[in-house]
Amino acid sequence: FGAELAVARTAIRLACEKRPYRIDVGVGVSVAAKTVVIATGVQYRKPDLPNLARFEGVGVYYGATQVEANRCQDEDVIVVGGGNSAGQAAVFLSGGNRRVFMLVRAGGLAESMSRYLIRRIEETKNIELKTRTQIVALVGSDSLEGVTWRDASNGESTTAPIRHVFLMTGANPNTGWLEHCVALDEKGFVK
């Protein structure tokens with residue numbers, strides 16, 4: 001359709017002072033355009049676990065769609081996080097014949113989650129909320145085979161043969177290069 005495609009590893013800066021816009025994509029390299037479509041994505045916040053990358057997509061997931069739910073049919077799962085995304089994932093995943101362990105670093109959910117979701121979690125018998133708890137180890141060879149978590153309130157560690165972990169710990173937007181041209185909220189997301 002007459003579109004010119006330019007592939008760059010990253011955008012460095014958007015110059016919006018005059019038209020056409022200019023996107024700097026490297027030292028001395030830029031692309032000019034009348035219109036810029038911004039679809040920069042995010043960087044997921046990840047726990048500091050040495051072998052986390054090894055299990056991404058083969059036991060560790062950053063979204064809870066039907067695809068992932070089908071992979072863990074009738075198996076216990078862990079949902080990490082205390083925000084609305086984590087609550088929605090826990091409720092969604094509880095629909096199968098599985099137990100859902102919800103691990104939250106904070107002392108509760110009231111500070112970070114909608115009241116209606118907290119109520120749904122409390123009413124769902126197969127969701128087990130573990131506060132002040134975080135994952136400390138992932139075990140497996142080709143895929144995730146087990147998880148160890150630690151309760152910070154008593155120091156007790158638990159290891160379980162869980163093969164599916166859903167990290168719903170938030171994300172940081174890839175928008176630093178848009179400063180001064182596009183309105184961003186306090187977290188850096190495009191308004």
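Two strands count as paired if DSSP finds at least two bridges between them. Strands (E, at least two residues) and helices (H or I, at least four) are DSSP runs, numbered from the N terminus. The model is predicted: local features need pLDDT of at least 70, side-chain atom pairs count only at pLDDT 80 or more, and totals for chains, interfaces and linings use all residues. Residues are numbered from 1 along each chain as its sequence is written, and side-chain values use heavy atoms, with hydrogens and water left out.

**View A. Strand β6 and its side chains.** Strand β6 covers residues 77-80. Val 77 and Val 79 point one way, Ile 78 and Val 80 the other, and all are buried (under 20% relative accessible area, 1.4 Å probe, protein chains only).

**View B. The parallel neighbours of β6.** β6 runs parallel to β7 (residues 100-104), joined by 4 bridges; Val 79 has Met 102 as its bridge partner in β7. Between β6 and β7 the chain passes through helix α3 (residues 84-93) in a right-handed β-α-β crossover (with the strands pointing away from the viewer, the path from the first strand over the helix to the second runs clockwise). β6 also pairs in the parallel sense with β12 (residues 165-167), over 3 bridges, and Ile 78 is partnered by Val 165 of β12.

**View C. The open sheet β9-β10-β11.** This sheet has 3 strands in that order, with antiparallel pairing. β9 (133-140) and β11 (157-160) are the edge strands, each pairing on one side only. β9 and β10 (residues 144-151) share 7 bridges, and Ala 137 has Thr 148 of β10 as its bridge partner.

Notes:
Buried means under 20% relative accessible area, exposed over 50%, partly exposed in between (1.4 Å probe, protein chains only).
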